[in-house]
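Trainee: I've got this structure open and I'd like to go through one part of it slowly. Could you pick a helix and walk me around it?

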Number of protein chains: 2
Amino acid sequence: MTSSPLITQLIESLRCLPGVGPKSAQRMAYHLLERDRDGARRLAETLTTAAEQVGHCARCRTFTEAEICGICSDERRDASLLCVVESPADVQALEGAINYRGLYFVLMGHLSPLDGIGPEDIGLDRLVERFDGGDIHEIILATNPTVEGEATSHYIGELARERGIRATRLAHGIPLGGELEFVDGTTLSHAFLGRQSIE
Amino acid sequence: MTSSPLITQLIESLRCLPGVGPKSAQRMAYHLLERDRDGARRLAETLTTAAEQVGHCARCRTFTEAEICGICSDERRDASLLCVVESPADVQALEGAINYRGLYFVLMGHLSPLDGIGPEDIGLDRLVERFDGGDIHEIILATNPTVEGEATSHYIGELARERGIRATRLAHGIPLGGELEFVDGTTLSHAFLGRQSIE
């Protein structure tokens with residue numbers, strides 16, 4: 001492709017980034033070489049360090065380089081509330097949007113029997129141990145609103161109820177902003193069925 | 001932002017890539033950590049190697065890790081034709097699109113007196129040396145169709161003509177595909193003035 005094997009290799013490696021096709025990879029490679037070699041070196045360093053050192057929190061399974069993540073080790077948070085999400089990015093999204101003071105449990109995926117992903121692969125054995133620990137009064141199920149997410153949610157909800165723990169699910173309904181006209185039918189029907197009285 | 005300083009740092013470093021904002025940087029960081037740590041390590045390696053080893057071709061100034069790039073050292077190419085472009089990416093674009101068998105000269109920018117970028121900063125001293133070498137019969141000016149690109153082109157064209165070398169410029173006109181209605185006025189007027197008879 002290019003006259004330099006090293007640049008071809010750099011373009012090829014940049015394609016491991018999600019959403020980066022051949023054109024943007026080429027643009028990125030030339031940009032770094034032309035204008036930001038220091039940035040490239042810094043990126044290389046943090047990539048290496050992160051790939052080596054970031055592991056999973058021993059309590060909630062989110063990404064962290066410590067043994068217990070910052071949220072789990074924060075004494076001021078409410079240990080009786082546990083929000084169950086699919087990925088560390090979901091933790092960030094919730095932390096950024098709401099003033100939630102409970103803890104999280106990160107499944108790092110969802111149940112998917114067809115792909116051979118069972119309860120233990122998403123850490124449910126460890127979650128049940130925490131249920132049995134007796135600290136938790138409510139779990140908030142915040143898996144993705146997909147078929148797999150709903151199924152996972154349902155399964156965990158059962159586990160909680162069997163142990164007398166209250167399980168709640170994020171409300172479904174029309175998202176804020178945009179126009180009703182463009183909201184899909186399934187969401188509309190959820191919003192209709194879940195309508196609330198105005199106070 | 002995140003509970004892990006290392007991940008925050010990784011997200012920050014990914015933003016040195018062009019077109020990558022906070023959201024995509026976060027998505028990239030989590031993707032690499034969750035699914036492609038080998039890709040992250042490989043990317044780190046090639047970034048480091050490329051940042052250290054890629055320099056400029058001694059003849060045409062394009063990026064290469066060798067002293068003379070693959071195109072300049074290719075004996076089969078026509079050394080009497082020299083195409084002048086602004087960046088190494090332009091060389092790739094032309095090589096990919098047309099069956100050009102001449103050589104290139106890469107300015108690595110354009111004249112921009114306001115930013116203090118004069119003829120020597122874009123290698124015109126070296127270009128004039130090549131003009132005076134006597135090998136070149138025609139230069140093809142393929143700088144960007146911007147004000148600075150046109151000015152640079154004009155300046156180089158003068159240098160060539162003073163030395164009896166033929167200078168040509170890529171044709172301006174309506175691009176292929178799309179609709180005439182959406183072509184801008186300046187382009188349309190160029191296309192109109194440069195109209196060609198049908199044979």
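Mentor: Let's take helix α6 of chain B and go around it, then look at a helix beside it. Keep in mind that this is a predicted model.

α6(B) runs over residues 147-162, so numbered by the DSSP runs. From its first C-alpha to its last, the 16 residues reach 23 Å, close to the 22 Å you'd expect at 1.5 Å a residue. Now check which side chains are tucked away: Gly149(B), Thr152(B), Ser153(B), Ile156(B), Gly157(B), Leu159(B) and Ala160(B) are buried. They sit on the same side of α6(B), because they cover an arc of only 160° around the axis. Turn to the face pointing away from that buried side and you'll find exposed residues instead, namely Val147(B), His154(B) and Glu162(B).

So what lies over the buried residues? The cover includes the strands β3 (78-85), β5 (138-141) and β6 (166-169) of chain B, along with the helix α5 (124-133).

That last helix deserves a look of its own. The axes of α5(B) and α6(B) come within 10 Å and cross at roughly 30°. Angles under 35 degrees count as roughly parallel, so that is what α5(B) is to α6(B). The crossing is right-handed. On the α5(B) side, the contact is made by Leu124(B), Leu127(B), Val128(B) and Phe131(B); α6(B) brings Tyr155(B), Ile156(B), Leu159(B) and Ala160(B).

Finally, follow the chain out of the helix: α6(B) is followed by Gly164(B), which has a positive phi, near 70°.

Methods
Residues are numbered from 1 along each chain as its sequence is written. Chains are lettered from A and ligands numbered from 1 in the order in which they are written. This is a predicted model: local features need pLDDT of at least 70, side-chain atom pairs count only at pLDDT 80 or more; totals for chains, interfaces and linings use all residues. Side-chain values use heavy atoms; hydrogens and water are left out. Helices (H or I, at least four residues) and strands (E, at least two) are DSSP runs, numbered from the N terminus. The expected span of a helix is 1.5 Å times one less than its number of residues. Buried means under 20% relative accessible area, exposed over 50%, partly exposed in between (1.4 Å probe, protein chains only). The arc is that of the directions from the helix axis to the C-beta atoms. Contact means heavy atoms within 4.5 Å. Axes are lines fitted to C-alpha atoms, for helices over the stretch in contact, and angles run from 0 to 180 degrees between N-to-C directions. Angles under 35 degrees count as roughly parallel, over 145 as roughly antiparallel, 65 to 115 as roughly perpendicular and the rest as oblique. A crossing is left-handed if the near helix is turned anticlockwise from the far one by less than a right angle, and right-handed if clockwise.
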